[in-house]
Amino acid sequence: MGEVGVAVRGLHKRYGPTAALDGMGFSVGPGRVTGFVGPNGAGKSTTMRVVLGLDTADEGTALIGGLPYRSLRRPMTHIGALLDAAALQPSRRARNHLLWMARSQGIGARRVDEVIDRVGLATVAGRRAGGFSLGMRQRLGIAAALLGDPGVLMMDEPFNGMDPEGIIWLRGLLRALAGEGRAVLISSHLMSELQDTATHVVVVGRGRVVADTSVAELLAAASAGGRVTLRAAQPERAATVLGAAGGTAVPAGPGTLSVSGLSAEDIVAHLTRQGVPFSEVAAHRATLEDAYLRLTRDATEFTGADAVGGTRTSGGTETGERA
Ligand SMILES: Nc1ncnc2c1ncn2[C@@H]1O[C@H](COP(=O)(O)OP(=O)(O)OP(=O)(O)O)[C@@H](O)[C@H]1O
């Protein structure tokens with residue numbers, strides 16, 4: 001496989017009057033989990049179907065390791081995909097379902113048992129898949145995606161239907177798969193899950209990319225200019241000192257100020273230098289959810305890298321960071 005796991009360029013796709021894809025383009029690099037996020041109808045599933053050759057774009061290209069899906073020999077050894085966990089024959093037993101898929105690609109039974117173990121279905125592998133919960137079906141779908149030991153994995157909403165233990169397990173699995181050097185693309189509505197899983201995120205809206213950035217940069221941009229809560233016995237004095245230092249401090253309750261324009265570290269330094277006592281300084285960091293909501297709310301205004309540069313405030317999530 002080349003440098004890039006998946007490369008999507010300038011995809012356009014219309015369904016009658018609906019533009020499902022409107023210039024979609026991004027890359028999924030090896031060795032990391034890339035989150036693919038956006039509101040309903042943003043074009044995530046359509047993009048994944050185009051990558052897998054299940055749908056044709058009107059314009060643009062989608063390549064896996066430099067090749068279109070249809071020219072891959074034994075495609076499951078290049079890309080493993082989970083699009084719809086419900087897409088299985090309910091009367092077939094889980095292991096038989098995987099054996100049937102494996103045979104179609106010249107993959108042996110030993111590999112089937114390996115992937116069953118890896119997804120934690122060993123004790124139920126002889127059961128009919130029709131009786132599986134959604135979380136168990138997701139595990140079975142992930143096992144199928146892993147069968148060919150592919151360098152690229154693509155999963156549409158794999159956290160759907162997972163219980164809390166399953167979510168923790170899946171986070172760990174995705175990180176491990178990326179740690180093995182695979183390119184991993186995961187769509188999700190639940191940004192909180194991606195915060196502990198994805199290191200890169202492609203945010204989409206209305207069929208195109210709104211932001212394509214590392215999670216660290218997205219959070220930093222969303223937090224920039226965020227506010228800091230300060231508790232001080234003499235709030236007026238503190239406000240004067242911080243105002244002179246270029247900040248803006250407004251009352252936010254008894255003995256409490258909400259400060260903008262200065263970092264928590266700067267606030268501590270200025271107050272200490274001027275001998276103004278304080279009891280608490282709490283910076284409010286943005287969560288991935290904040291950053292995402294801001295980007296998708298303004299989806300029509302932002303494009304590409306500008307979207308991140310244009311994101312200024314955190315929206316005030318109470319993730320306090322004590323200075
Ligand atoms: N087969 C189809 N026929 C008609 N319209 C379609 C079809 N598939 C997708 N669309 C439309 O294309 C747009 C993009 O849909 P898509 O399913 O790709 O979005 P999504 O980001 O995956 O959304 P969700 O998170 O709800 O799954 C939507 O407006 C959808 O209604």
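Predicted model: local features only at pLDDT ≥ 70, side-chain atom pairs only at ≥ 80, totals over all residues.

Me: Which residues touch the most other members of the largest nonpolar core?

Reply: That core has 77 residues, and Leu98, Ala143, Met154, Val184, Val203 and Leu218 touch the most other members. The largest share of this core, 7 residues, comes from α4. Apart from this core lies another of 16 residues, among them Leu230, Ala239, Val259 and Leu262.

Me: Which residues does Ala143 touch, if those up to four places away in sequence are not counted?

Reply: Ala143 touches Leu98, Val115, Ile116, Val119 and Leu121.

Me: Why is Phe36 called buried?

Reply: The criterion for a buried residue is 20 or more other C-beta atoms within 10 Å. Phe36 has 28 C-beta neighbours inside 10 Å, and therefore counts as buried. Phe36 belongs to strand β3 (residues 32–37). Leaving aside neighbours within four places in sequence, Phe36 is in contact with Lys44, Leu185, Ile186, Ser187 and Val202. From Phe36 to Trp169, 133 residues apart in sequence, the C-alpha to C-alpha distance is 20 Å.

Me: How do you know that Val276 is partly exposed?

Reply: Val276 has 19 C-beta neighbours inside 10 Å, whereas a buried residue needs 20 or more and an exposed one has 12 or fewer. Val276 therefore counts as partly exposed. Val276 is located in the loop between α9 (264–274) and β13 (280–284). Its contacts, neighbours within four places in sequence left aside, are Ala232, Gln234, Arg237, Ala238, Val241 and Leu271. Val276 and Val241 are 35 residues apart along the chain, and their C-alpha atoms are separated by 8.4 Å.

Me: What makes Ser260 partly exposed?

Reply: The count for Ser260 is 14 C-beta neighbours inside 10 Å, and the limit for an exposed residue is 12 or fewer. Ser260 therefore counts as partly exposed. Ser260 is part of strand β12 (residues 256–260). A separation of 45 Å lies between the C-alpha atoms of Ser260 and Gly60, which are 200 residues apart along the chain.

Me: Why is Arg74 called exposed, and what is the phi of Arg74?

Reply: With 12 C-beta neighbours inside 10 Å, Arg74 meets the limit of 12 or fewer and so counts as exposed. Its phi is near 45°, a positive value in a residue other than glycine. Most residues other than glycine have a negative phi. Arg74 is in the loop between β4 (59–64) and β5 (79–82).

Me: What makes Arg206 partly exposed?

Reply: Arg206 has 18 other C-beta atoms within 10 Å, and so is partly exposed. The phi of Arg206 is positive, near 50°, and Arg206 lies in the loop between β8 (200–205) and β9 (208–214).

**The ligand shell and the domains**

Me: Which elements supply at least two residues of the shell around the ligand?

Reply: They are β2 (18–28) and α1 (44–51), and α1 gives the largest share, 3 residues. The shell includes Tyr15, Thr18, Asn40, Lys44 and Ser45. By class, its residues divide into 3 nonpolar, 7 polar and 1 charged.

Me: What are the domains, and how many Å separate their centres?

Reply: The domain assignment gives domain 1 (6–215) and domain 2 (227–284). Their centres, taken over C-alpha atoms, are separated by 47 Å.

Note on methods. Residues numbered from 1 in each chain as written. Near = placed C-beta within 6 Å. Helix = DSSP H or I, 4+ residues; strand = E, 2+ residues; numbered from the N terminus. Nonpolar A, V, L, I, M, F, W, Y, C, P; charged D, E, K, R; others polar. Domains from an automatic or database assignment. Core = buried A, V, L, I, M, F, W, Y, C linked by C-beta atoms within 7 Å. Contact = placed C-beta atoms within 7 Å.
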